[in-house]
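Please examine the sequence and the structure shown below. The paragraphs that follow lead through selected features of the surface and of the charged side chains.

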Amino acid sequence: MTTIDIVNPATEETISVLELLDATAVDEAVARATSAQRIWAALAPAERAERLRGFADTVAAHQGELADLEVSNSGHPIGQATWEAGHVRDVLEYYATAPERLSGRQIPVAGGIDITFAEPIGVIGVITPWNFPMTIAAWAFAPALAAGNAVLVKPAEWTPLTMLRLAELAVSAGLPDGLLQTLPGRGDVVGDALITHPGVGKVVFTGSTATGTRVMERAAESVTPVTLELGGKSANIVFADSDLERAAATAPYGVFDNAGQDCCARSRILVQRTVYDRFMELFEPAVAGVTVGDPRAESTEMGPLVSRAHWEKVSSYVPDDAPVAFRGSAPTGPGFWFPPTVLTPAASDRTVRDEIFGPVVTVQTFADEAEAIALANDTPYGLSGSIWTENLSRALRVTRAVAAGNLSVNSHSSVRYSTPFGGFKQSGIGRELGPDAPFAFTETKNVFIAVADA
Ligand code: NAD
């Protein structure tokens, strides 16, 4: 039996030892999910809606428990973890309206009637990363369930605890046994078995672009459709005509939230050259003001990195001779702590190119709008980004020109469950969230019914 130690990143204590499943367990899970899906899809739409609302209520009743679990498994600050558990509830509630709204179309044709049906795919495989274990899983399982599917979630090895609990809560809320299952295991074992299993009709993968490429290759062997939510290296573009105080005060939260372990992190700040000195003057105290510490404290804004291995990877980007402009603070002692770090490297440096996935941001300058757009797009990624300007026309020109899926103007907001989310270029394929997400978990069936002449 293979096991994994689940470690609290703030204390380095082992909080649980978990058995990792093997590929045989995936066969059993798919068989159970297939039976549960038939029961689920046969329920009246209003009944499925009611059960999903019940699941949302059950999650709400366990919000504190789920948040505490995420604090100890992932090191997320308690305020953030509480929001995450509440967000799962919100996503379920939002998609609970979908079963009664999954309409097909009636298309005018000669000789009869043509109608379309949005049929459930069947069993959906969901593979998640460790950075937002609950929310990212919910973005897939809530609309997939709403569309009449069963869902098997393979959580990241380091952070499986909240998703294991959510699957238990689904059963206690009255969802058919086996409809939503959590399968802890290695990516190349359980994840791979899900992708290649003939009983799994679609895979939603969120993780790195390197692994996503492999997932797409494996899925292609059986023409299994995929949604891919991959990496990012997003730009925060600050123009001279912006509210510079607000741009500088909020910039730390655009990149250091969740200790920078955020696919949407604005990890490249691009500042118009004429205001660079003033921006850095304002940015330095803002970075120093980020409260890094015990995730259980309500006042904490940033916790530790998720693991020792990840701490080593992030640290490798900040060697002793790194071009550090300034840094924030972090606790010493046990825990995978890393202070918010601001670098001013050359444009060709790997810190400007690679997704570091930690609290490290680079600052570069640009001369004009054209150069800002060119720099923002000089990356294989295209997930997110921010534009700071008081000029509405410029804001619209630049948002249309930046090749990324989720942009915000004078804000760092990326994710709302009611709006679509996903990446351009190597940041992914497909969209999650928003009103159309349940349709991503259906197949369109077209039916023509001949009508005989009288
Ligand atoms: P990762 O790619 O290492 O792992 C993601 C998941 O894939 C894990 O569950 C892992 O076990 C599994 N996996 C690994 N090898 C596999 C294989 N051969 N077959 C099937 N599954 C396999 O990513 P990570 O380090 O957990 O997460 C960080 C990455 O996720 C970053 O690149 C980040 O940008 C990305 N991310 C993207 C989004 C988005 O919505 N675009 C959101 C969050 C994170």
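**Surface patches and salt bridges**

Ile107, Val109 and Phe448 make a nonpolar surface patch of about 230 Å². The model is a predicted one, in which local features need pLDDT of at least 70, side-chain atom pairs count only at pLDDT 80 or more, and totals for chains, interfaces and linings use all residues. Residues are numbered from 1 along each chain as its sequence is written, and side-chain values use heavy atoms, with hydrogens and water left out.

A patch consists of residues with over 30% relative accessible area and no salt bridge; like charges are joined within 9 Å, and nonpolar side chains (Val, Leu, Ile, Met, Phe, Trp, Tyr) within 5 Å. Accessible areas come from the Shrake-Rupley method with a 1.4 Å probe, and for residues only the protein chains shown count as cover. Phe448 belongs to strand β18 (residues 442–450). Strands (E, at least two residues) and helices (H or I, at least four) are DSSP runs, numbered from the N terminus. With a relative accessible area of 43%, Phe448 is partly exposed; the term lies between buried (under 20%) and exposed (over 50%), with a 1.4 Å probe and protein chains only.

Glu19, Asp22, Asp27 and Glu28 gather on the surface in a patch of negative charge. Here Asp and Glu count as negative and Lys and Arg as positive, while His and the chain ends are not counted; the place of a charge is taken as CG of Asp, CD of Glu, NZ of Lys or CZ of Arg. Glu19 is part of strand β2 (residues 14–19) and is partly exposed, at a relative accessible area of 42%.

Which charged side chains are paired? Side chains of opposite charge can pair when their charged atoms come close. A salt bridge is a side-chain nitrogen of Lys or Arg within 4 Å of a carboxyl oxygen of Asp or Glu, and by this rule the count comes to 23. One of them joins Lys154 and Glu157 (3.5 Å, N to O). Lys154 counts as buried, at 2% relative accessibility, whereas Glu157 counts as partly exposed, at 27%.

Arg273 and Glu371 also meet in a salt bridge (4.0 Å, N to O). Arg273 lies in the loop between β11 (268–272) and α10 (276–288), and Glu371 lies in helix α13 (residues 369–376), so the pair ties together parts that are 98 residues apart in sequence. Finally, a network of salt bridges links Asp241, Glu369, Arg394 and Arg397.
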